[in-house]
Amino acid sequence: MLSADDGSKTTDTMIQTLEWTDAGVRFIDQTKLPTEERYVICKNCEQVADAIRNMVVRGAPAIGVAAAMGIALGVKNSKAESVGELKQEIDRCCELVRKTRPTAVNLFWGIRRMQDKFESLRVRPLAKIKQALIEEAQRMHAEDIAANQAMGRLGATLMPASGGVLTHCNAGALATCGYGTALGVIRAAVEEGKKIHVYADETRPFLQGSRLTAWELMKDGIPTTVISDNMAGAMMRAGKIGAVVVGADRIAANGDVANKIGTYTVAVLAKEHGIPFYVAAPFSTVDLATAEGSKIPIEQRNAKEVTHIAGKQMVPDGVQIENPAFDVTPAKYVTAIVTERGIARAPYEDSLLKLGEGIAVGG
Ligand code: MRU
């Protein structure tokens, strides 16, 4: 089980979603927000896998780095006496974290990066390999924050000078190692002096919008209104929304975007109302090996997330329930995809491929 961190209480400092500490990997427990700010420490890769599965940590970039840190914990704890034994331990940790959540490609990216790093180090002494792998996981944490800040600067140019911006789910500091993707774009726009008012969809069933997005934007003093998901269309029709910006869990090579369930509805509504629909994601979310959105595996979660709210049953016993955690927004609804490497626009087959090859594309 995870152990609660005694020294953890509300703090006014920057949100630390996850961090490597001497005691283990420390996570803010997102299942407790917004009413309790509590932290847990995971001491081994089993505990990290549980934290990902149970959504103590969630959001595509955050779970990618969490996976890497879980593997790094396995390395740190390993009693291996040979490189072969260490590889067995790494393989076991990779398998554990791989099975936690299927949709966010960042998870598999994080695992792959640790495996590749290990392969590049095989001939080195055991202690050096272990140290380098632990450092690699920490490097991924720092790189994620830098990527978010870079995409924030690029994406801010797309935001209106003033007015409402709608977001869905939580693609903020809490979904990343800091600053956020979609909320990073909003933060950067606000830092540049744009007068943005955020409309946060509550995001049923897990309420990432009302619990998490509203919490972190309030902490930053960014004006925020929470709406229930079924109000988005009415807000658009009333002229309150100038742009939509969301994150992503996986972006296929053709620009189809898997993101939190309900994103597709928002994108269709945005198109109907002539409102730009932007996606902000690090390039580690782009999966060039998946040709189109229909090939993206969609996680099915426990029916209880739908049947209950805050532990209270909301449906009659025995009724059938569906709970896909994500949907796919076809590329035709996406105005632009903001990454740290540049802003991609349709045709995404070309622009995403170019960004993958390090070739600049137009903004
Ligand atoms: O189920 P979750 O909370 O992990 O889903 C998160 C999302 O869908 C986010 O919008 C996405 O991961 C982008 S996070 C920067």
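Predicted model: local features only at pLDDT ≥ 70, side-chain atom pairs only at ≥ 80, totals over all residues.
**View 1. The open sheet, strand by strand.** Reading across, the order is β7-β6-β5-β8-β11-β16-β17, seven strands with mixed pairing. β7 (224-227) and β17 sit at the edges with a single partner strand each, so one side of each has no neighbour in the sheet. Going from one strand to the next, the twist averages 25 degrees.

**View 2. β8 alongside β11.** To get your bearings, look for V244, whose bridge partner in β11 is F277. Helix α9 (residues 263-272) packs on the sheet here, touching β8 and β11 as well as β5 (162-167) and β6 (195-201). The direction of α9 makes about 140 degrees with that of β11.

**View 3. β16 and its partner β11.** Strand β11 (residues 277-280) pairs with β16 in the parallel sense, again over three bridges. Here V279 has I337 of β16 as its bridge partner.

**View 4. The hairpin from β16 to β17.** β16 and strand β17 (residues 342-344) run antiparallel and are joined by three bridges. I337 turns up again, this time opposite A344 in β17.

**View 5. Both faces of β16.** Which residues of β16 lie on each side, and are they buried or exposed? A336 and V338 are on one side of the strand (residues 336-339), with I337 and T339 on the other. All of them are buried, leaving both faces covered.

Definitions and conventions. Residues numbered from 1 in each chain as written. Heavy atoms only, no water. Buried < 20%, exposed > 50% of the residue type's maximum accessible area, 1.4 Å probe, protein only. Helix = DSSP H or I, 4+ residues; strand = E, 2+ residues; numbered from the N terminus. Pairing = 2+ DSSP bridges. Axes fitted to C-alpha atoms, helices over the stretch in contact; angles between N-to-C directions. Contact = heavy atoms within 4.5 Å.
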